[in-house]
Amino acid sequence: MNFWAHVVKALEADGACVGVTVARVEGSAPREEGACIVVTGQGFHGSIGGGTLEWQALAKAQDVAKPPQAWNG
């Protein structure tokens with residue numbers, strides 16, 4: 001996966017994105033160090049191995065990637 005190409009695409013399309021990267025692996029893991037996904041408020045591209053960890057990372061990243069809401073004071 002060309003991570004930076006997907007980041008540029010996501011920024012052009014959605015205005016915001018979050019990158020999630022496997023920094024370290026201890027023991028058995030479905031993906032290697034450096035595996036990454038690019039997440040927007042609308043979806044994602046790539047995988048860090050699936051399962052619970054990926055779903056938790058996606059949920060947190062999608063929350064962060066959402067555009068800020070206007071304050072109606």
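**A close look at T40**

Tutor: Happy to! Leaving aside its neighbours within four places in sequence, T40 is in contact with A10, D14, A16, C17, Q62 and A65. Keep in mind as you look that this is a predicted model. To find the spot, follow the chain to β2 (36-39) and β3 (44-46): T40 lies in the loop between these two strands. Is T40 buried or exposed? With a relative accessible area of 8%, T40 counts as buried, because buried means under 20%. Now pick out D14 from the list of contacts. The side chain of D14 makes a polar contact with the side chain of T40, at 3.3 Å.

For another kind of pairing, turn to the salt bridges. How many are there in this model? The count comes to two. One joins the side chains of E26 and R24, with 3.1 Å from N to O. Both of these residues, E26 and R24, are exposed. In the other, the side chains of E32 and R31 meet at 3.2 Å, N to O. Here E32 has a relative accessible area of 44%, and R31 has a relative accessibility of 28%.

Back at T40, then, you can trace a buried loop residue whose side chain has a polar contact with the side chain of D14.

Key
Residues numbered from 1 in each chain as written. Predicted model: local features only at pLDDT ≥ 70, side-chain atom pairs only at ≥ 80, totals over all residues. Heavy atoms only, no water. Helix = DSSP H or I, 4+ residues; strand = E, 2+ residues; numbered from the N terminus. Buried < 20%, exposed > 50% of the residue type's maximum accessible area, 1.4 Å probe, protein only. Polar contact = N/O pair within 3.5 Å; in protein donor to acceptor, adjacent residues only side chain to side chain. Contact = heavy atoms within 4.5 Å. Salt bridge = Lys/Arg side-chain N within 4 Å of Asp/Glu carboxyl O.
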